[in-house]
There are 2 protein chains.
Amino acid sequence: MSEPSDAMWRPVLRSRAYELVVDQIEELIVAGTLRVGDRLPGERELATRLEVSRAAVREAIRSLEAQGVVRSAVGSGKDAGTVVSALPSEALTRLLRFHVALANFPRQHVVEARVMLERESVRNAAERATPTDLKAMRELMSAMDDPDRDRERFNELDTEFHVAIAEAGGNRLVADMTIAVRESMQRPLLHASHALGEAWASIADGLRQDHRSIYEALEAGDGVTAQQRMETHILGFWDVCAAAEEQPERDGR
Amino acid sequence: MSEPSDAMWRPVLRSRAYELVVDQIEELIVAGTLRVGDRLPGERELATRLEVSRAAVREAIRSLEAQGVVRSAVGSGKDAGTVVSALPSEALTRLLRFHVALANFPRQHVVEARVMLERESVRNAAERATPTDLKAMRELMSAMDDPDRDRERFNELDTEFHVAIAEAGGNRLVADMTIAVRESMQRPLLHASHALGEAWASIADGLRQDHRSIYEALEAGDGVTAQQRMETHILGFWDVCAAAEEQPERDGR
């Protein structure tokens, strides 16, 4: 539908009006009643229909805008032109990064989630990766081969390699979750690479070999082997990081 | 640290100042430099340090507040008292629901993600579920046994059953993702149950049996069987729903 019917806007009866306005708009979106491109009623109209103040409606819209759920249509007036927008992947990956950074999970839970997600991603990639996807992975591995590569850049390339596998998996939702969780680990992993000191050089060689063996199984279309190697790779480096971890309070336990 | 040092605030040089302010705050959070409970510099001070307008800082803070990343500390003045807050699970599950509803994924990708997440959750639950967790699951199954249960309530209880398994898995991050994806399917599944018409009664019996067999494997600590039964359950009902699906554009393809 392109215009909400009057019937679908029920008056909001309880307190914390702004959150209840958000809840009701969310319900309509999750139900598929409001879809990308649909225009919300104007601020005054919504306030009347929901029986809340215009300030509550304004606050709710602002909150949904901040989350990328709605946007103000160009050139529209104050009382109209808020449109449901296609949520960019970045909105999700950003919030997941915040969530992992702030929600104080045991690091072990993040690692478990990463293993689950990257096993799924690499299995999908072994089935679905295109020659272009494979070329991108090979280029990232080559870039990581440079022995003079500093730890910051190595860490970036390592992240990009795992992101490339997630993208090649072809499932956007799984890829978004995989990327967000992997990116949330980027800083802690960099921290660990510094904490490793001189040992880093040999650890990095191990990571290069892991990546190559994962890539070989993936390119051969052997999803089961690729999954096993991915899990070994993630858990193996995690053990090294845990040993090198100098800020135990960082892991949230 | 409880007070950010001057050094960590680099002036923002490019345009779209408000987003760059958010980016820089995110960097400090993901890096672990800013942690839950840390206070941000006041609006005026941040604007000076980042060399952006106070309006840009205000907009950035508002956006982060809307996402639950920061909150205004009680009784603090206009130019102080924005504190990094522990992001509630609800903030993530809500955005994931929005994301699944708006990001126009092929429904098949959402089902794949659900299978991945619920296989992991039920495997964890088979290892970790407490007697209290198991009791809650049994009560939900009993509530679903009522033959007069309407489809709305059955759907709610079904969702609660899957959520209970995710919670029992004991991995908060995996549980949050599982709950969000399962909840994002609640309305489409309800829609399908209505589209099934008279066939619903026998389908519902099949779902009750699925739940019981998943529960039995879980209670017996047999994670592998529980995973297989969960996957069969999810894919089986999805096939039924796909057949009953009366609004093909709803599945995002």
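Modeller: The answers below take the labels one by one.

Modeller: This is a predicted model, in which local features need pLDDT of at least 70 and side-chain atom pairs count only at pLDDT 80 or more, while totals for chains, interfaces and linings use all residues. Residues are numbered from 1 along each chain as written, chains are lettered from A and ligands numbered from 1 in the order written, and side-chain values use heavy atoms, with hydrogens and water left out.

Biologist: What makes up chain A, and what counts as a helix or a strand?

Modeller: Helices are DSSP runs of H or I with at least four residues, strands are runs of E with at least two, and both are numbered from the N terminus. By that rule chain A has eleven helices and two strands. Their order along the sequence is α-α-α-β-β-α-α-α-α-α-α-α-α.

Biologist: Why is B:P188 called buried?

Modeller: Buried means under 20% relative accessible area, exposed means over 50%, and partly exposed lies in between (1.4 Å probe, protein chains only). B:P188 has 9% relative accessibility, so the residue counts as buried. B:P188 sits in helix α9 of chain B, residues 186-195. In chain A, buried residues make up 55% of the 253 residues.

Biologist: What makes A:E51 an exposed residue?

Modeller: The relative accessible area of A:E51 is 53%, and therefore A:E51 is exposed. A:E51 lies in the loop between α2 (43-50) and α3 of chain A. For B:E51 the value is 54%, which also counts as exposed, and B:E51 lies in the loop between α2 (43-50) and α3 of chain B.

Biologist: How many aromatic pairs does the structure hold, and what qualifies two rings as a pair?

Modeller: Rings of Phe, Tyr and Trp (its six-membered ring) pair if their centres lie within 6.5 Å; planes under 30 degrees apart are stacked, over 60 edge-to-face, and the rest tilted. Over all chains there are two such pairs. A:F154 and A:W200 have 5.3 Å centre to centre and 85 degrees between the planes, and are edge-to-face. A:F154 is in helix α7 (residues 151-168) and A:W200 in helix α10 (residues 200-219) of chain A, so the pair ties together parts 46 residues apart in sequence. Both A:F154 and A:W200 are buried.

Biologist: Why does the pair B:F154 and B:W200 count as edge-to-face?

Modeller: The ring centres of B:F154 and B:W200 are 5.3 Å apart and the planes stand at 85 degrees, so the pair is edge-to-face. B:F154 lies in helix α7 and B:W200 in helix α10 of chain B, so this pair too ties together parts 46 residues apart in sequence. Both B:F154 and B:W200 are buried.

Biologist: What makes a space a pocket, and what is the volume of the largest pocket?

Modeller: On a 1 Å grid over the protein atoms alone, a pocket is an open set of points with protein on both sides within 12 Å along at least five of seven lines, whereas in a cavity a 1.4 Å probe fits but cannot get out; lining residues have an atom within 4 Å of a point. Points are joined across faces, edges and corners, and a volume is the space filled by probe spheres set on them. The largest pocket has about 950 Å³. Its lining has 37 residues, and those closest to the centre are A:A66, A:Q67, B:S63, B:A66 and B:Q67. The largest share, five residues, comes from α1(B).

Biologist: How does the lining of the largest pocket divide by residue class?

Modeller: Ala, Val, Leu, Ile, Met, Phe, Trp, Tyr, Cys and Pro count as nonpolar, Asp, Glu, Lys and Arg as charged, and the others, including Gly, as polar. On that basis the lining of the largest pocket has 14 nonpolar, eight polar and 15 charged residues.
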